[in-house]
Amino acid sequence: MRCLVSNRYPIIIVDEFQDTDDDQWRMVHALRDHATLICLADPDQRIFDYQSTIDPKRVEMSKDALAPTVFDLGADNHRSPGGRILDFANAVLRNRSPKAPCKEVTVSTCYENAFPSTVHAEVVFTFSKLRQQGVENPTVVVLARSNPLVATISSILSETHQYNRRELRPIFHTVVWDAEVAAAAGTVIASVMEWREGTISEDVARTFEALAAYYRLKVALRPDKSKGAADKARKYRESADRVRAERSPRLNVERALLTCWREKKELLRGDPVEDWRRSRDVLDRSSLPDIVQESRMLRLFRMTDELGLGLADRWDEVGRCYPGAKLFVSRTLETQRLLAPDLEPRGCVLMSMHKSKGKEFDGVVIAERQHAGVLFDPKKEEPPFESTRRLLRVAITRARHRVTIVRPKNCYPLY
């Protein structure tokens, strides 16, 4: 197999080599004698070291195992002209003051109650300043440390705010999220939208099967960060069998979902957006908050997009539920997830700082809140916060022209 691959591709470029996991490293090692390998690595951009399969000494290992010719391109910077943004990012990385002021980077602090209006205003100001600099059709990314904060900022930018007596209108934006888990959560909601005047056992059993699949996926994607997920996957698989066999429920969530099914007469009304929210509320009332939280990342769900229109068509088939909603939602979200990485960013984009790796934008807004998406958290990492500083360097250097960092008052200093 490696001979076939190497004959077809005699030169293989391995990008982001410092973040290769154990399986990827074994593939590189297997191809070394058959193809010319070009490994591009920046140790200062090693931001996935929380994954147990990624070795922080990968670059050093490659020097011993591959005996490569080494080229140092660290002084080259083709993204931000002048290099001042890179200098600032390196100062944050090394925990020391920049050698010279950087007018391309602004640090804005605010009190907790002013966070929504401040973030909204800084996004507006970033677009305005980029246009004043002559940037046509500028792109701006808003980055946060955690997905929940990304979801919060999405809600903020979807509303009207007042800032210094100025009205800030909603900003159209797209969200790039950890799509696999969010899509699985959306499939659980879609299973509730399938509930119809059929057998209670079959409808609720399918919802438990979707729940089991959701937790199995969490285990598969992050086995080192999914404590309890495997146990929940097993329990809900057993719940599906128990409900389908019409045996007495054992778990509170079984009783809750069965009760909601019996009261479902007023649940679905034919408006896909509202029915999606009502189905999500069913899961919330059934003590499944993680499903609800993950599903909030699905901002693709609008009446005007493929998902909303497709669900509306399914309602029209029977007029009391959404038959086939689970399979339709799963396929639609999976298709959009696969296409998303190939789409060029346009306008305003929201994503986590980890998701920004390898991308670039005209402007970057990094948002930190008092108790959400905290950058320097001594409860999770010891000072001087080396891992966070590498992540911040990656986030800051996504910008071609401007960076704004929104931080709470009295937070841990950047340097």
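K409 provides another example, its charged end sitting over the ring of Y111 at 5.5 Å from the centre. The model is predicted, so local features need a pLDDT of at least 70 and side-chain atom pairs count only at pLDDT 80 or more, while totals for chains, interfaces and linings use all residues. Residues are numbered from 1 along each chain as its sequence is written, and side-chain values use heavy atoms, with hydrogens and water left out.

At 1.5 Å a residue, the 16 residues of α9 should span 22 Å, and its end C-alpha atoms are 22 Å apart, which agrees; the expected span is 1.5 Å times one less than the number of residues. The buried residues of α9 are A229, A233, Y236, S239, A240, R242 and V243, where buried means under 20% relative accessible area, exposed means over 50%, and partly exposed lies in between (1.4 Å probe, protein chains only). An α-helix has 3.6 residues a turn, so residues three or four places apart point the same way. The buried residues of α9 pack against α8 and α10, with contact taken as heavy atoms within 4.5 Å.

In helix α10, which covers residues 252-262, the buried residues are V253, E254, A256, L257, L258, C260 and W261. They pack against α8 (200-221), α9 (229-244) and α11 (272-285).

Aromatic rings come next. The structure holds ten aromatic pairs, a pair being two rings of Phe, Tyr or Trp (its six-membered ring) whose centres lie within 6.5 Å, with planes under 30 degrees apart called stacked, over 60 edge-to-face and the rest tilted. The rings of F208 and Y236 have centres 5.9 Å apart and planes at 35 degrees, so this pair is tilted. The pair links distant parts of the chain, since F208 is in helix α8 and Y236 is in helix α9, 28 residues apart. F208 counts as buried because its relative accessibility is 0%, and Y236 is also buried, at 9%. Another tilted pair is formed by F376 and F385, at 5.2 Å centre to centre and with 50 degrees between the planes; F376 is buried with a relative accessible area of 4%, and F385 is buried at 1%. One aromatic cluster is made up of F208, Y214, Y215 and Y236.

The backbone also deserves attention. Most residues other than glycine have a negative phi, and most peptide bonds are trans. Just after α9, however, E246 takes a positive phi of about 60 degrees; this residue is found in the loop between α9 and α10 and is exposed, with a relative accessible area of 64%. R165, which is not a glycine, likewise has a positive phi, of about 65 degrees, and its place is in the loop between β5 (161-163) and β6 (166-168). R165 counts as exposed because its relative accessibility is 86%. Finally, the peptide bond from P383 to P384 is cis, with omega near 10 degrees, and P384 lies in the loop between β9 (361-367) and α15 (386-396).

Methods: Helices (H or I, at least four residues) and strands (E, at least two) are DSSP runs, numbered from the N terminus. A charge sits over a ring if NZ of Lys or CZ of Arg is within 6 Å of the ring centre and within 35 degrees of the ring normal.
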